[in-house]
Amino acid sequence: VLATQPPCVLLNDGHKMPMLALGTGRGTAKETDTLDDVRNAVFWAIEAGYRHIDTAAVYGDEEQVGQGIADAIAKGIVTRDQLFITTKLWNDKHARDQVVPALKESLSRLGLEYVDLYLIHFPISTKADGSPDNIDYLDTWKGMEEAKQLGLTTSIGVSNFNISQIDRLLSNSNVPPAVNEFEVNPTLTQEPLVHHCMSHNIAVMAYSPFGFLVSRSRPDAPPPRYDDPTIGAIAAKYGKSPGQVVLRFAIERGLVPIPKSTNQKRIAENINIFDFELTAEEVAAISKFNKNVRVIEIEGWKDYPNYPF
Ligand code: NDP
């Protein structure tokens, strides 16, 4: 199998990040995956040419992600330095002195000496039991800067931060975030937040990149669904699938999409998007689906301090 490799984006700290990542979070689209499925998915992805894997402490699968990486290295497909591994700090470890130990635990589960990118998963802090806490993410960020200084992570960034949270972080930190990872798809195009991040040289990772194109077990889900005629016409024009068109939509916007799949065929399909381009008109037509409707809302956190949405 000749693997296609995605191009990279240049981060504001000088490091390069591959423009497509395999998502390993389970459970946002009525998943029935086992942890072993994650190990296989990571291996298949690397075999297919993925060099970037997105995981998080809260996904509970860092160990399987690490096994998939180890399998690929053992088979001689890649070396560690050719991979870009992202993981995330969970909300109940936001105290400054909890950050480095939390990352060390992630590294031990992953079986790695360092990750390439460590993200604050949400600006919200909670106690261990999930009840709201009020730790300032600026304090958490100091812990992130320490983790970078120690070489436990090459780059640091955030996830689910809104515009004012990004601004407050930028004006009160020594190291600016290299990345903000948040939801972007055709029903949630996020033009203002994308523009804001890019104008500050913060790269954007787009989670839930398919939006409601794929099953979310929501009968009221807004278009585009998988059989949407607009997406279908663009797909037919390029000989691609609706999923590939929607991922390419993210690439055209300069975003780094994170499609999740544990299916070997779809894993290969999702990286096969670097041999065609959408026109500006097609990007505009897909952008018109925007309704500011989220896949990931987390209603239960609405009253927590720093709720970002
Ligand atoms: P996605 O948009 O990646 O959708 C995943 C779903 O799409 C799965 O059901 C998958 O099924 C299906 N699928 C994958 N490829 C195709 C295809 N080519 N055609 C049709 N269906 C397809 O959503 P997620 O919400 O899973 O987000 C992706 C990743 O983003 C997560 O895994 C995680 O890494 C990250 N994320 C980060 C968050 C954050 O707070 N930072 C929040 C949410 C997600 P199958 O596996 O069977 O192929």
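Analyst: What follows goes through the sheet strand by strand and then turns to the ligand.

This is a predicted model, in which local features need pLDDT of at least 70 and side-chain atom pairs count only at pLDDT 80 or more, while totals for chains, interfaces and linings use all residues. Residues are numbered from 1 along each chain as its sequence is written, and side-chain values use heavy atoms, with hydrogens and water left out.

Helices (H or I, at least four residues) and strands (E, at least two) are DSSP runs, numbered from the N terminus. The sheet is an open one of 8 strands in the order 3-4-5-6-7-8-9-10, with parallel pairing, where two strands count as paired if DSSP finds at least two bridges between them. Its edges are strand 3 and strand 10, each of which pairs on one side only. Strands of a sheet pair through backbone hydrogen bonds, either parallel or antiparallel.

Because 6 of its 6 residues are buried, strand 6 is largely enclosed by the rest of the structure; buried here means under 20% relative accessible area, exposed means over 50%, and partly exposed lies in between (1.4 Å probe, protein chains only). Strand 5 pairs with strand 6 in the parallel sense over 4 bridges, and Thr86 has Leu117 of strand 6 as its bridge partner. Between these two strands the chain passes through helix 3, and this β-α-β crossover is right-handed, a term meaning that, with the strands pointing away from the viewer, the path from the first strand over the helix to the second runs clockwise.

The loop between strand 5 and helix 3 holds Asn91, which is buried, with a relative accessible area of 1%. Leaving aside residues up to four places away in sequence, Asn91 touches His121, Phe122, Ile124, Ser125, Thr126 and Trp301, where contact means heavy atoms within 4.5 Å.

Strand 6 is also joined to strand 7 by 5 bridges, and the two run parallel; here Val115 stands opposite Thr153 of strand 7. The chain crosses from strand 6 to strand 7 through helix 4, in another β-α-β crossover that is right-handed.

Helix 4 (residues 137-149) has 13 residues and reaches 18 Å from its first C-alpha to its last, close to the 18 Å expected at 1.5 Å a residue, the expected span being 1.5 Å times one less than the number of residues. At the N-terminal end, Asp136 caps helix 4 with a side-chain oxygen that lies 2.9 Å from the backbone nitrogen of Leu138. This is a polar contact, a pair of N or O atoms within 3.5 Å; within protein, one must be able to donate a hydrogen and the other to accept it, and residues adjacent in sequence count only if both atoms are side-chain atoms. After helix 4 comes Gly151, whose phi is positive, near 80°.

Further along the sheet, strand 7 and strand 8 pair in the parallel sense over 2 bridges, with Glu181 of strand 8 as the bridge partner of Ser159. Strand 8 (residues 179-183) then pairs with strand 9 in the parallel sense over 5 bridges, and Phe182 stands opposite Ala206 in strand 9. Together with helix 6 (residues 191-199), strand 8 and strand 9 make a right-handed β-α-β unit.

Strand 9 (residues 203-207) is mostly covered, since 5 of its 5 residues are buried. In a regular strand the side chains alternate between the two faces of the sheet. Both faces of strand 9 are covered, with Ala203, Met205 and Tyr207 buried on one side and Val204 and Ala206 on the other. Strand 9 also pairs with strand 10 (residues 256-257) in the parallel sense over 2 bridges, where Pro257 is the bridge partner of Ala206.

In total, 30 residues surround the ligand, the closest being Thr28, Asp54, Lys260, Ser261 and Arg266, and a residue counts as near if one of its heavy atoms lies within 4 Å. An oxygen atom of the ligand is 2.6 Å from an N or O atom in the side chain of Ser261, and a ligand oxygen is 3.0 Å from a polar backbone atom of Phe210.
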